[in-house]
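Thank you all for coming.

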Amino acid sequence: MIVSTYSFALPTRIEFGEGIIKKAGEEAKALGARKAMLVADKGVIGAGLTGPVEDSLQAEGIPYVIFDRIVPNPRDTHVEEGFHAAKDEGVDVLIAVGGGSSMDTAKGIGTLLTHGGTVQDWCGFQLLKRPITPLICVPTTAGTGSEVTPFAVITDTKEHVKLNIFDPKAAALVALVDPSVLLGLPSPVMASTGVDAMTHAVEAYTCNVSNPHTDAYALYAIGLIIQHLRDAVASPDIESCTGMMLGSTIAGIAFGYSDVAAVHCMAEALGGRYDTPHGVANALFLPTVTEFNISADVRKHLDIARALGVNTEGKDPETAALEGVEELRKLCEDVGIPKMKDLPEIDPDDFPALAEASEANVSTPSNPREVTAKDYLYLFQKAYES
Ligand SMILES: [Fe+2]
């Protein structure tokens, strides 16, 4: 086995378990909190998911403010608003409760609290000079993995582009990963976020910046997600929710410390144009792109097929890898992901522009097979016909 030099370190301590959300106050106190800011969207607050966090802060005597200006694809303007509110209130610990949008907004607020300037000043690769404000993340979906990733994706509202603060100093110090928060999640959200987590795992494993540590996380996550996603969508119980929460966090470590690839490049282009939910957009392209990539690394795609439960014994590796692609296709279908043609907003006339946008994505060079705008156009057309 030949392995290139790499380094692997996790800045985030993970506390996993049913009811662990109630430890938020204790963890904030251990971080020296004098005033906390709870970053959560109105839906999460309305669903009662911040209740245990607020109770635990009160029990520890820690005053807190709530910032709820969170939107999907979080914006620089909201990050700046949250920063000013946090600064005025003397906030010294941030607690994000929610999906990727809340967690990424909190990472942005923490960056401005410790570095000043604007979001744009700190977007790029490892530009931070010091750790951001201590951040505790409590994921309420099993998809994004943002509780363990070292980056925040924020939309530049003037330029209409996505910016990325990519730095382990922006990672959460503590992730409170509680599977019981998934029990009330609507099935379409469980389905789309779950396929997002599967895509993180598949792309982390096959991308050309993976390493043996991220590979181990990625393969294990694929196994967990294939085993639990259908049940978590159809009849969520603590067992399936545990499997999904673990799968998502473990996949988060895998792609957070390697990368994603062409599926995400296409999904982000589609989401940017039509606001398609991120997980749905990934699901539309996951089988088609995975099939396209097999020839670049048959062995890794065979491993994926095996992790998905395909009996690969005695089969030609490429045939077995293709059966893995079929498993991914079936999974998306079984959890109710629509077909591309069922989404009326998608216009094939937009495919050339979407292909260009996909090619420009920073993760395009990480795809295991070289992929150009022409290839992306073919992939958009193929996914649309499938
Ligand atoms: Fe994703």
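How many bridges join strand 7 to strand 8, and do these strands run parallel or antiparallel? Before I answer, please keep in mind that this is a predicted model. Strand 7 and strand 8, the latter covering residues 161-166, are joined by 6 bridges, and the two run antiparallel. Within that pairing, Asp-156 sits opposite Val-161 of strand 8.

Stepping back to the sheet that holds them, we have an open sheet of 3 strands in the order 5-8-7, and its pairing is mixed. The edges are taken by strand 5 (124-125) and strand 7 (151-156), each of which has a single partner strand, so that one side of each is left without a neighbour in the sheet. Helix 5, residues 100-115, packs on this sheet and touches both strand 7 and strand 8, its direction making about 90° with that of strand 7.

Now to the helices. Helix 9 (residues 262-274) and helix 10 (residues 278-293) pack with their axes 8 Å apart and at an angle of about 140°, which makes helix 9 oblique to helix 10. For those who like the cut-off, an angle has to be over 145 degrees to count as roughly antiparallel. The crossing of helix 9 and helix 10 is right-handed. Among the residues that make the contact are Met-266 and Leu-270 of helix 9, together with Phe-285 and Leu-286 of helix 10, and by class the contact has 9 nonpolar, 4 polar and no charged residues.

Finally, helix 11 (residues 298-307) is mostly covered, with 7 of its 10 residues buried. The buried residues include Lys-300 and Asp-303, as well as Leu-302 and Ile-304, and the buried residues of this helix pack against helix 6 (187-206), helix 7 (212-234) and helix 12 (317-334). Just after helix 11 comes Gly-309, which takes a positive phi of about 100°.

Definitions and conventions:
Residues numbered from 1 in each chain as written. Predicted model: local features only at pLDDT ≥ 70, side-chain atom pairs only at ≥ 80, totals over all residues. Axes fitted to C-alpha atoms, helices over the stretch in contact; angles between N-to-C directions. Helix = DSSP H or I, 4+ residues; strand = E, 2+ residues; numbered from the N terminus. Parallel < 35°, antiparallel > 145°, perpendicular 65-115°, else oblique. Left-handed = near helix turned anticlockwise from the far one by under 90°. Contact = placed C-beta atoms within 7 Å. Nonpolar A, V, L, I, M, F, W, Y, C, P; charged D, E, K, R; others polar. Buried ≥ 20, exposed ≤ 12 C-beta atoms within 10 Å, placed from the backbone. Pairing = 2+ DSSP bridges.
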